[in-house]
Amino acid sequence: MKLRADTGAPILLNQNDYALLKMLDIQAGWIGVAPPGKVEIDRSVTTGETVAAGGHTANILHTPGHTEGSICLYFPAEQKLIAGDTLFAGSIGRTDLPGGSMQKIMRSLHDTVLTLPDETVVIPGHGPLTTIGQERESNPFLIKE
């Protein structure tokens, strides 16, 4: 809410994560931070929608698995993917928290994320940048045997 107040940027969330939104105080306790207080969502987003900031437009990709409402933002003009906690360099997002599913994240990765061009730069939620091609070739979670 502080970021929205400072920038005017809307808060967007896939509706499948509304249950997690209701648990923010509990989640804050898990990692030892202060509860954030009430968070108001401006609208729900899902695959097929776009969002824009400045001169950049991103396609919303609903990628359930890390959570039910996980999304990635794909910027086709820039060939960049903000992957959040869906895909990392050499790894994938954890699936052991509420709403997580190994089966769903693998389906999201193979049916959605890996359909992007190899040159797509992946900006993960943590760690170094990578590319779709690099992950297709070397990520142990994604290599088909």
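**Note on the pockets and the sheet**

1. The lining of the largest pocket draws its largest share from α3, which gives five residues. The model is a predicted one.

2. This largest pocket has a volume of about 1,300 Å³. Its lining counts 41 residues, and L12, L13, D17, T67 and I71 are the closest to the pocket centre. Two or more lining residues come from each of β1 (12-13), α2 (18-21), α3 (24-31), β3, β4, β5 and β6 (80-84).

3. What is the make-up of the lining of the largest pocket, by nonpolar, polar and charged residues? The nonpolar residues number 28. Nine are polar and four are charged.

4. The second largest pocket holds about 220 Å³ of space. Its lining consists of M1, L3, R4, A9, P10, I11, L21, L24, P36, V39 and I41. Ten of these residues are nonpolar, one is charged and none is polar.

5. Now the sheet. Six strands form an open sheet in the order β3-β4-β5-β6-β9-β10, and the pairing is mixed. Why is one side of β3 (50-53) and of β10 (130-131) left without a neighbour in the sheet? Both strands stand at the edges and each has a single partner strand, so one side of each has no neighbour there.

6. Strands of a sheet pair through backbone hydrogen bonds, in a parallel or an antiparallel sense. For β4 (residues 56-62) and β5 (residues 71-75), the sense is antiparallel, over four bridges. L61 stands opposite C72 of β5. Both β4 and β5 also give two or more residues to the lining of the largest pocket.

Terms used: Residues are numbered from 1 along each chain as its sequence is written. This is a predicted model: local features need pLDDT of at least 70, side-chain atom pairs count only at pLDDT 80 or more; totals for chains, interfaces and linings use all residues. Side-chain values use heavy atoms; hydrogens and water are left out. Two strands pair if DSSP finds at least two bridges between them. On a 1 Å grid over the protein atoms alone, a cavity is a set of points where a 1.4 Å probe fits but cannot get out, and a pocket is an open set with protein on both sides within 12 Å along at least five of seven lines; lining residues have an atom within 4 Å of a point. Grid points are joined across faces, edges and corners, and a volume is the space filled by probe spheres set on the points. Ala, Val, Leu, Ile, Met, Phe, Trp, Tyr, Cys and Pro count as nonpolar, Asp, Glu, Lys and Arg as charged, and the others, Gly among them, as polar.
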